[in-house]
Amino acid sequence: MILLKSIAVAAVLALLTPAVFAQTGPLKITITEGVIEPLKLAIPDFVPESGGADQLARDIAAVVTADLESSGLFARISPDAYISRLTSFDAPVAYADWKAINAVGLITGAVSVSGDTISVKFRLFDIFSGQQLGEGLQFGGTKSTWRRMAHKVADAAYSRITGEGGYFDSRVVFVSESGPKNQRAKRLALMDYDGANVQYLTDSSAIVLAPRFSPTGDRVLYTSYESGFPRIYLLDVASVSRRALEEQPGTMTFAPRFAPDGRTVVFSLERGGNTDIYTTDTGTGALQQLTNAPSIETGPSYSPDGSRIVFESDRSGTQQIYIMSAGGGEPTRISFGDGRYSTPVWSPRGDLIAFTKQGAGQFHIGVMRADGKEERLLTTSFLDEGPTWAPNGRVIMFTRETAGAGGSARLYSVDITGRVLHPVPTETAASDPAWSPLLP
Amino acid sequence: MNTGTTISGIGHAILILWLMFGGLFSAPEDTAVPAVTEVSLITGAEFAALSASPIAPEPQVDAPAVTEPVDPAVEPQPDVVTDPAVDPAPQVPVEPQPAPDAQPEAQPDPQPAPVPVPEPVPEPVPEPVPEPVPEPQPVVEPVPVVEPVPEPQPVTDPALQSSPLPRQRPVPRIAPEVAAAPPPDAQVADIVQDAVTPDAPADAPVVEAPAEATAPAEAATEIVPETADPVPEVATSAPVTSARPKARPAKPAAVAVAAAAAATAEAPADQPSQTAEQTDAIAAALAEAQSGTTDDGGSDAATTPQAPSGPPLTAGEKDGLRVAVQSCWNVGALSSEAMTVSVTIAVSMLQDGKPDRASIRMVGFEGGTEAAASKAYEAGRRAIIICGDKGFPLPPEKYEQWKNIEMVFDPKGMRLK
């Protein structure tokens, strides 16, 4: 009886209690979990608006699609599923048709050819809001630059959807390798970010290493052994002319990188068996020593604002990453994990530092915050090294070398989530990539 | 699990355990033990003598009814409520009863008049008829101001026996005499006057200016502190401010008529008879309560804005909505900065569970720039539209609860560290 009474009272109270917690306004819920998958885009072939533009229209749409899909953020819906057929660039968009195939966005474009010049127009539509996303854009150029125009269309679409800058209209300088592993010929080469339009900058008479773009993308620093010792050279991309940057007898210079001002170069200089970090002015040649330690300091990289330099040093006994002021001074160690850290590179956004990590017989490409926290390893393989950042700071390109006598080096790219990893197609084996800024 | 649910769960658990093992209701059971009576031992000779006696002697031991203890908690009830002058019922020991819910079990005393006994348990159907227990008319009807303590009515309904009738309502003013509550639409003033309205057909342009009715502020002769017992704040028999369950369909006109009829029919013969105007007022008040409107044309929502009525959504129902939305919340294309933004999106829902697209709007964000918040908002908006296209799994009967929703999209937990 007591139990029944107790249950009855409890039941009554249970019915009354919700009133205490009754909501007094709109229902509120908090969503903290979502899904991470590519956004589905509809990218019909661009509309040819003049004779002879048919193939170009298809090719441009294909490049735009490849760019967006390579980012891992977008997936193109198969054209076979399209209900609407785009016959005119100015035709009204049948949102219901695109929504029916679950397209989130629609990219329409048109190509016209006039002699050797082409014109590319595009528009981006948000299907679920039923409106155009941003203004339409039009690019003009010669036929030979059609890929760049496609990259620009992809950059615009990428930027409008994600809210951050694109990276498709950019180039990569790298070391092209050929021949057997023990006698490999290395040349400096330039290509589009996607491996197209390869252009060689040096011959294979001397070993070249570690090319680095200037902040404006018009010059390249690299290390060459043509004198028998490693030495830094500065190459003008347009004229393919070069000059030695720092010539001091009895020294070796290597690992150069531009400061954000485009005039100062930071590099490593070996003198008398000791390696320290120096800067030089490309205009005046003024030299400044930033570190003075018996250990090896190398691989310097400026922060985007030019105020700090991250570099690697074995002053603690193993290779670790340190940060110091751009004018030198006492460095601060930021890497404390197991293994050895090398080749640190500051992100263009300044939030992360990419690095190579070696440990337990494996190499990794990883990122950490500038204070050394939140370290994440993005890749693992027999040999991954030499990260370089895309202009938007979301993608990293690096070298992956396979094991064995027949192994070779290839370029790979990975986004900072580590989810999107794929090789970069190159004609030959390739290593030491360096990403340019976005082209003007 | 939110804090409210956690607190509620812990509180319920403690309460149930206390009720089950705290001995709250053990007292009545313990009091039943003394049913044992004393027995004296006698010898065989004495028994034989007793058996042989033609006249049975007086028993040495009183009957159990005499020795049975009466529950002190129950004993005062008849003394307090029952009028011995009216109620000729003998003081029969009342069975121990757990006061309120034992009302139907109380034996009906011989009643002087066939008073219609209300239903022991109110029907779940909205019964506009005066509710049985909380409407002891003699108590809550303060109209006879002169009588500080109303005469107890010759109704021995157990429900009335437990009602704290002779208690003055707390009023905010002290006066030498008890003043009646002013009409609900009257302004408080020292002078009593009736409402004056302009006489439309008068020849003179304007004879009297409109004036609102005034009456002295309600007062009592003493300060009556508020007690734990719930005392009705509104001293009227009509449930003017009583909120009826809105979810139940009602026919205001029919209900009003039924209420008036019921009120008239159930009025005891010796009670102060209600006039037709009073009946109409009660019916009107009931009708207003049913329709959720008040005299001033406002509504309940106006007095308690943004307070939806009816039972709230359960945690499971909220989780169902949350899961449905997050299955479409794709943050794969959000920028790193947008992944640090928590954006709040408001949406009005249609009764079929689909969102009203035109109502989707961002009401705020935390962290990041406005541009990043804009992208985060677009991702959340897409989630609402895409997954809401077929309607969210929401209970239709609780539409008032989810008619307006604010969703906070917080991707910080998904941000890579």
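Biologist: Is the crossing of α2(A) and α4(A) left-handed or right-handed?

Modeller: The crossing of α2(A) and α4(A) is right-handed, the near helix being turned clockwise from the far one by less than a right angle. This is a predicted model, in which local features need pLDDT of at least 70 and side-chain atom pairs pLDDT 80 or more, while totals for chains, interfaces and linings use all residues. Residues are numbered from 1 along each chain as written, chains are lettered from A and ligands numbered from 1 in the order written, and side-chain values use heavy atoms, without hydrogens or water.

Helix α2(A) spans residues 54–70 and helix α4(A) residues 146–162, and the two pack at an angle of about 45 degrees with their axes 8 Å apart. The two helices are therefore oblique to each other, a class left over once angles under 35 degrees (roughly parallel), over 145 (roughly antiparallel) and from 65 to 115 (roughly perpendicular) are set aside. On the α2(A) side the contact (heavy atoms within 4.5 Å) is made by Leu56(A), Asp59(A), Ile60(A), Val63(A), Val64(A), Asp67(A) and Leu68(A). On the α4(A) side the residues include Trp146(A), Arg147(A), His151(A) and Tyr158(A). By residue type, the contact of α2(A) with α4(A) divides into 11 nonpolar, 1 polar and 3 charged residues.

Elsewhere in chain A, 4 strands (DSSP runs of E, at least two residues) form an open antiparallel sheet in the order β28-β29-β30-β31. Because β28 (384–389) and β31 (421–424) of chain A each have a single partner strand, they stand at the edges, with one side of each left without a neighbour in the sheet. Neighbouring strands of this sheet are turned by 30 degrees against each other on average, direction ignored. The edge strand β31(A) pairs (at least two DSSP bridges) with β30(A), residues 409–415, in the antiparallel sense over 4 bridges, and Pro423(A) of β31(A) is the bridge partner of Tyr412(A).

Two loops of chain A deserve a look at their backbone. Asn197(A), in the loop between β10 (185–192) and β11 (199–200), has a positive phi of about 55 degrees although it is not a glycine. Ala360(A), in the loop between β25 (352–359) and β26 (362–369), likewise has a positive phi of about 55 degrees without being a glycine. Ala360(A) is exposed (over 50% relative accessible area, with a 1.4 Å probe and protein chains only), because its relative accessible area is 84%.

Definitions and conventions:
Buried < 20%, exposed > 50% of the residue type's maximum accessible area, 1.4 Å probe, protein only. Axes fitted to C-alpha atoms, helices over the stretch in contact; angles between N-to-C directions. Nonpolar A, V, L, I, M, F, W, Y, C, P; charged D, E, K, R; others polar.
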